[in-house]
Amino acid sequence: MIESLILNLSSRDIITSREDALLSSIIKRERWFAAGEDLVVQGTRPSYSTLLVDGFAARYKVLENGHRQITAIHIAGDFVDLHAFQLKTMDHGILALSPCHVAFADHSELKMLTETEPHLTRILWLSTVIDGAIHREWIVAMGRKSAKSQLAHIFCELFVRLQVVRRTDDQSYIFPLSQAVLADVLGLSLVHLNKTLQKLRQEDVLTWSNRVITVLDWQRLQGVAEFDATYLNLVMEPR
């Protein structure tokens, strides 16, 4: 059940078999959510953190006028709310963008692990640090990049992250988001999003058909996106 988590963590440092077993021992309960359901509700105080075993999920906030902004996309192998262990009250919600299989780690078990396992603590801390790095890249993209570059950046980032957890097939990956959801990710109108997507298709850098993204020209797609994967910290080194 935690294979994707181990793939994710071990892309940055060695996870021993003992540490693998320890993580397995604290991630016990599991549940399935339908697309559109909240995995975590804004304003609640969860007593556990949620691991996404399979599917796509998103952090989001809803404004008083009803407009929604998605602030992160989560994939298999991500703890979607590890930060809730420290923050306690959730200031945003976590939404299932597709059918999602999740598992839970009780905060009491996480507390015990962080008090006795310094290396695992640092590795889990790293995952929240990388969440912050992803947020910074999104902020820069939304503030300074064109819509086309911003959209290309999302497709590049997901391709790299999904490769890590073995959710790609050669140059393709499942992308179950609708255009309406993707518009909420980018902060664009649906019409603007559709026009921007058509520009990428016309440049023959990717296709999006039947919920599958296929990268046709990785180098050119990276160029359009101004994509540099340094912020994902996919470097094997002692932590």
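Author: In β7, Ala 105 is the bridge partner of Ile 27. The model is a predicted one, in which local features need pLDDT of at least 70 and side-chain atom pairs count only at pLDDT 80 or more, while totals for chains, interfaces and linings use all residues. Residues are numbered from 1 along each chain as its sequence is written, and side-chain values use heavy atoms, with hydrogens and water left out.

β7 covers residues 100-106, and five bridges join β1 to this strand, the two running antiparallel. Strands here are DSSP runs of E with at least two residues, helices are runs of H or I with at least four, and both are numbered from the N terminus. Two strands count as paired if DSSP finds at least two bridges between them.

The open sheet has three strands, in the order β1-β7-β3, with antiparallel pairing. Its edge strands are β1 (27-33) and β3 (48-54), each of which pairs on one side only. From one strand to the next, the twist averages 30°. Axes are lines fitted to C-alpha atoms, for helices over the stretch in contact, and angles run from 0 to 180 degrees between N-to-C directions.

Helix α2 (residues 17-26) packs on the sheet and touches β1 and β7. The direction of α2 makes about 60° with that of β1. Helix α4 (residues 107-116) also packs on the sheet, touching β1, β3 and β7; the direction of α4 makes about 60° with that of β7. Contact means heavy atoms within 4.5 Å.

Helix α5 (residues 118-144) contains His 119. Leaving aside neighbours within four places in sequence, His 119 is in contact with Asp 13, Ile 14, Glu 19 and Arg 239. His 119 has a relative accessible area of 18% and is therefore buried. Buried means under 20% relative accessible area, exposed means over 50%, and partly exposed is in between, with a 1.4 Å probe and protein chains only.

Two residues elsewhere have backbone angles to note. Asp 204 lies in the loop between α8 (190-202) and β10 (206-209), and its phi is near 60°, a positive value in a residue other than glycine. Asp 204 is partly exposed because its relative accessible area is 47%. Asn 233 is in the segment after α9 (218-225); its phi is positive, about 55°, although Asn 233 is not a glycine. With a relative accessible area of 24%, Asn 233 is partly exposed.
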